[in-house]
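Work through the exercises below with the sequence and the coordinates open. Each task is followed by a solution in steps.

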Amino acid sequence: MNTEEIIKRGEQSFLHTYNRYPIVLDHGEGVYLYDTDGKRYLDFGAGIAVFALGYGNREYNEALKAQTDRLIHTSNLFYNAPAAEAAEKITALSGMDRVFFTNSGTEAVEGAIKTARKYAYTRDRNTDHEIIAMEHSFHGRSYGALSVTGNAHYREPFGPGIGKIRFAEFNNFESVKQLVNEKTCAVILETVQGEGGIHPADRSFLHSVRALCDERDILLILDEIQCGMGRTGSMFAFEDYGIRPDVLTLAKALGCGVPVGAFLMSERVAERSMIPGDHGSTYGGNPLAGAAVVEVLRQFDERKIVEHVRALTPVLEESLDALKERHDCVKERRGAGFMQALELDRPAGEVVKAAQKEGLIVLTAGEKILRLVPPLVIEKKDIEEMSGILDKVLG
Ligand SMILES: *Cc1c(COP(=O)(O)O)cnc(C)c1O
């Protein structure tokens, strides 16, 4: 089947919820992807911040093959070694005490919301608890996650959502404070907003929200599905702020391509919320997913991925700042670590398509925002190649 036939086949049968680019990806090597016509792309999208460790990763592939041959699925009625090891490692790394593995990001958010409601229910037996979420946030497409997503375009046609959700302005503490009442059970936010345009939380904002949550016994849920796992130059973005969430959600780079997410919490929260029977998943944390997480964390450690991101962030930021200097159409550069945005004065989609023609994959995050979330293993030469192509395309 040639490229055109594959696209035609897909279009005839897929539910039309995506406007895909007319490219069929075939294989990858390091930081490059190749399409079915043999064209090479430098990848600064990483499958939406997922594939952190580079394509054609032999050790990762071998770990998955070995687990595939041994055992792929067990259900959660039994224990399995990879999931137990993954659980031990991810709780130790994050400073959280308990983890539940899911199959996606949105399911991790569902679990976090259920935890917050159960925590409050355990305290006062009320069933009408409210959640404060942020404008321009993105938490996923299933009902709970969609209900706390601050994007009416995604949310409204599917209403009503899951009960009272109040939206505050991100990085405006007063707007959060005003929405708190005796029914508030959680504040949910992304430590660095992703889909909403790459906006890191301000230090004072996050500290104030943390203090408010402590004072009122409200759970702080940090969604680090996109900004966690080394992306900002710390294993978890919240580490940069010197605070800790009560509940943490992860996915995307956690399995580097094997569908796996997680919600994690402190022992204090776990003891007062989820008990046997409260939550479950047939697949969640199966041996294959567990093996992926274990191998991903092993490579993060061995290859010193976090240190690498931190060391190379100034290089990436300088090259993007230089693009801003050279091109009037670039209004702002912002971000943290390898999670960067260029805000343009024009639709970013056009730039994305022009970059593809030149062999570079970049993403958008909102209409006028170009999003760069490369694999975490990029080197200086890859940054130079990216900025060379964007220089041409923006000009
Ligand atoms: C991608 C994303 C999600 C949803 O994850 P899925 O795996 O697509 O369900 C939730 N929150 C944030 C911050 C994300 O970036």
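This is a predicted model: local features need pLDDT of at least 70, side-chain atom pairs count only at pLDDT 80 or more; totals for chains, interfaces and linings use all residues.

## Exercise 1: The ligand shell

Task: List the residues around the ligand and sort them by class.

Solution. 
1. The cut-off is a heavy atom within 4 Å.
2. The residues around the ligand are Ser-104, Gly-105, Thr-106, Phe-138, His-139, Gly-140, Glu-190, Asp-223, Ile-225, Gln-226 and Lys-252.
3. By class, this shell has two nonpolar, six polar and three charged residues.

Task: Which protein atoms lie 2.8 Å from an oxygen atom of the ligand, and how much of the ligand area does the protein bury?

Solution. 
1. A polar backbone atom of Gly-105 is 2.8 Å from a ligand oxygen.
2. A polar backbone atom of Thr-106 also lies 2.8 Å from an oxygen atom of the ligand.
3. For Gln-226, a polar side-chain atom is 2.8 Å from a ligand oxygen.
4. Taken alone, the ligand exposes 380 Å², and the protein buries 80% of that.

## Exercise 2: Aromatic pairs

Task: Count the aromatic pairs, then describe the geometry of Phe-138 with Tyr-154 and what the pair ties together.

Solution. 
1. Rings pair if their centres lie within 6.5 Å, and the count comes to six aromatic pairs.
2. Phe-138 and Tyr-154 are 5.8 Å apart centre to centre, with 75° between the planes.
3. Planes over 60 degrees apart count as edge-to-face, so the Phe-138 and Tyr-154 pair is edge-to-face.
4. Phe-138 lies in the loop between β5 (130-134) and α6 (143-147) and Tyr-154 in helix α7 (residues 152-155), so the pair ties together parts 16 residues apart in sequence.
5. Phe-138 is buried at 18% relative accessible area, whereas Tyr-154 is partly exposed at 24%.

Solution. 
1. Because Phe-170 is in the loop between β6 (165-168) and α8 (173-177) and Phe-205 in helix α9 (residues 203-216), the pair ties together parts that are 35 residues apart in sequence.
2. Phe-170 is buried, with a relative accessible area of 12%, and Phe-205 is buried at 2%.

Task: Which residues do ring pairs link into a cluster?

Solution. The cluster consists of Phe-51, Tyr-55 and Tyr-60.

## Exercise 3: Charges over rings

Task: Which ring does the charged end of Arg-40 sit over, and which does Arg-141 lie over?

Solution. 
1. The charged end of Arg-40 sits over the ring of Tyr-32, 3.8 Å from its centre.
2. Arg-141 lies over the face of Tyr-154, 4.0 Å from the ring centre.
3. Tyr-154 also forms the edge-to-face pair with Phe-138.

Conventions:
Residues are numbered from 1 along each chain as its sequence is written. Side-chain values use heavy atoms; hydrogens and water are left out. A polar contact is a pair of N or O atoms within 3.5 Å; within protein, one must be able to donate a hydrogen and the other to accept it, and residues adjacent in sequence count only if both atoms are side-chain atoms. Accessible areas come from the Shrake-Rupley method with a 1.4 Å probe; for residues, only the protein chains shown count as cover. Ala, Val, Leu, Ile, Met, Phe, Trp, Tyr, Cys and Pro count as nonpolar, Asp, Glu, Lys and Arg as charged, and the others, Gly among them, as polar. Rings of Phe, Tyr and Trp (its six-membered ring) pair if their centres lie within 6.5 Å; planes under 30 degrees apart count as stacked, over 60 as edge-to-face and the rest as tilted. Helices (H or I, at least four residues) and strands (E, at least two) are DSSP runs, numbered from the N terminus. Buried means under 20% relative accessible area, exposed over 50%, partly exposed in between (1.4 Å probe, protein chains only). A charge sits over a ring if NZ of Lys or CZ of Arg is within 6 Å of the ring centre and within 35 degrees of the ring normal.
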